[in-house]
Amino acid sequence: MDIAMVGLGRMGANMTRRLANGGARVRAYDVSAVARAALQDEALAQTCDSLEALVAAPPAPRIVWLMLPSGEISEQSIAQLLPLLQPGDTLVDGANAYYKDAIRRARECATRGIEAAFREGARRGAARVFALGHVAIPIAAADGEVLKLDEGNGGGAQSVVPRRQ
């Protein structure tokens, strides 16, 4: 699995580490060159110096995961990303956004043929994700339980469920 991660603060960097340690190929971007360099030094992810380079790196269909604070920075990043994405790509917004903003973003993505998902909150660590589109991303919870996303319906939220192996 290839994933493009935007935002390498504490949560984004740790999610990048988890995904990479779980076998995903992760490409990562942050506006801070220091954050990019710190992650690159760990050799877990390929870092990119622009959103354009990040989106161009993984094969289509792409999964682009934002781990940014909710609010203006997320709005700006999504506005920059949408023209770079193609139908069939998936945008995961990891911010604890107001649910009406998440629904608005999901609808905007849907008009472009882009799947969308948003994060429900940190009750079980960064792995607790709700789907707004038809995305299924295997991830591990803080307690090591392997989880996957149920398919969403484009406006309602579907919870993460254990994946039997």
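**Core and charged pairs**

Modeller: Ile63 is buried, its relative accessible area being 13%; buried denotes under 20% relative accessible area, exposed over 50%, and partly exposed the range in between (1.4 Å probe, protein chains only). This is a predicted model, in which local features need pLDDT of at least 70 and side-chain atom pairs count only at pLDDT 80 or more, whereas totals for chains, interfaces and linings use all residues. Residues are numbered from 1 along each chain as its sequence is written, and side-chain values use heavy atoms, with hydrogens and water left out.

Ile63 belongs to strand E4. Helices (H or I, at least four residues) and strands (E, at least two) are DSSP runs numbered from the N terminus. Ile63 and Glu115 are separated by 52 residues in sequence, yet their C-alpha atoms are 9.1 Å apart in space. In the chain, which has 165 residues, 47% are buried.

The largest nonpolar core consists of 19 residues, and Val6, Leu54, Val64, Leu66, Leu81 and Leu91 have the most contacts inside it. At least two residues of this core come from each of strand E1 (2-6), helix H3 (51-56), strand E4 (63-66), helix H4 (72-81) and helix H5 (99-111). Helix H3 gives the largest share, three residues. Apart from this core lies another, of 17 residues, with Ile3, Leu8, Met15 and Met67 among them. A nonpolar core here is a set of buried Ala, Val, Leu, Ile, Met, Phe, Trp, Tyr and Cys residues joined through side-chain atoms within 4.5 Å. In soluble globular proteins, nonpolar side chains tend to be buried together.

Leu54 touches Ala4, Met5, Val6, Arg27, Ala28, Tyr29 and Cys48, leaving aside residues up to four places away in sequence; contact means heavy atoms within 4.5 Å. Cys48 is itself buried, at 6% relative accessible area, and Cys109 is buried at 1%. The whole structure has zero disulfides, a disulfide being a pair of cysteine sulfur atoms within 2.5 Å.

Turning to charged pairs, the whole structure contains eight salt bridges, each defined as a side-chain nitrogen of Lys or Arg within 4 Å of a carboxyl oxygen of Asp or Glu. In one of them, Asp2 meets Arg25 at 2.8 Å, N to O. This pair links distant parts of the chain, Asp2 in strand E1 and Arg25 in strand E2 (residues 25-29), 23 residues apart. Asp2 is buried, with 14% relative accessibility.

Arg105 forms a salt bridge with Glu75, their closest N and O atoms lying 2.8 Å apart. Arg105 is in helix H5 and Glu75 in helix H4, 30 residues apart, and the pair links distant parts of the chain. Arg105 is buried at 7% relative accessibility, whereas Glu75 is partly exposed at 24%. Arg105 also meets Asp93 in a salt bridge (2.4 Å, N to O). Asp93 lies in strand E5 (residues 90-93) and Arg105 in helix H5, so this pair ties together parts twelve residues apart in sequence. Asp93 is buried as well, at 5% relative accessibility. Through shared partners, salt bridges join Glu75, Asp93, Asp101, Arg104 and Arg105 into one network.
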